[in-house]
Amino acid sequence: MGLAMKLEHIRAEIERMRHQISRQRKDIQSLQRAGIGTLPAEALLARMQATVDNLCAERDKRVGEQRMKYPGTSKVIKGPQMRLR
């Protein structure tokens, strides 16, 4: 149960940050049209994207941990798992 809650939190955080990145990109475009320097904003955008990439890696790792595996091996069972439980 705790792993599923943590996974949902990570997914929500990824979605929230992606929305922020989209807004940040629009703001940078507005600044560029106005002729204002955007170097600090672009650095922030890069840090935000790196954070999202790390969260995606963490999400993928946790999803892999949740998948059912064959008994005694680390091989993931592919296909419908409802029949196996």
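Author: Let us begin with burial: buried means under 20% relative accessible area, exposed means over 50%, and partly exposed lies in between, with a 1.4 Å probe and protein chains only. At 18% relative accessibility, Arg 62 therefore counts as buried. This is a predicted model, in which local features need pLDDT of at least 70, side-chain atom pairs count only at pLDDT 80 or more, and totals for chains, interfaces and linings use all residues. Residues are numbered from 1 along each chain as its sequence is written, and side-chain values use heavy atoms, with hydrogens and water left out.

Reader: How many helices and strands does the protein chain have?

Author: Helices (H or I, at least four residues) and strands (E, at least two) are DSSP runs, numbered from the N terminus. Here the protein chain has two helices and zero strands. Of its 85 residues, 21% count as buried.

Reader: Which residues make up the largest nonpolar core?

Author: A nonpolar core is a set of buried Ala, Val, Leu, Ile, Met, Phe, Trp, Tyr and Cys residues joined through side-chain atoms within 4.5 Å. The largest one in this model has eleven residues: Ile 10, Ile 14, Met 17, Ile 21, Ile 28, Ala 41, Leu 45, Met 48, Val 52, Leu 55 and Cys 56. The most come from helix 2, with six residues.

Reader: What does Val 52 touch?

Author: A contact means heavy atoms within 4.5 Å. Leaving aside residues up to four places away in sequence, Val 52 touches Ile 14, Met 17, Arg 18 and Ile 21. Val 52 is in helix 2 and counts as buried because its relative accessibility is 2%. Its C-alpha atom is 8.9 Å from that of Glu 15, 37 residues apart along the chain.

Reader: Is Arg 18 buried or partly exposed?

Author: Arg 18, in helix 1, is partly exposed because its relative accessibility is 43%. With residues up to four places away not counted, Arg 18 touches Val 52 and Cys 56. Arg 18 and Val 52 are 34 residues apart in sequence, and 7.4 Å apart in space from C-alpha to C-alpha.

Reader: Which backbone oxygen does the side chain of Gln 24 reach?

Author: A polar contact is a pair of N or O atoms within 3.5 Å; within protein, one must be able to donate a hydrogen and the other to accept it, and residues adjacent in sequence count only if both atoms are side-chain atoms. The side chain of Gln 24 reaches the backbone oxygen of Ala 41 at 3.5 Å. Gln 24 belongs to helix 1 and, at 15% relative accessibility, is buried.

Reader: How many salt bridges does a search of the whole structure find?

Author: A salt bridge is a side-chain nitrogen of Lys or Arg within 4 Å of a carboxyl oxygen of Asp or Glu. The search finds four. Among them, Arg 62 and Glu 58 meet at 2.8 Å, N to O; both lie in helix 2, four residues apart, about one turn of the helix. Glu 58 is partly exposed at 24% relative accessibility. Another salt bridge joins Glu 8 to Arg 11, with the closest N and O atoms 3.2 Å apart. Because Glu 8 and Arg 11 are three residues apart in helix 1, about one helical turn separates them.
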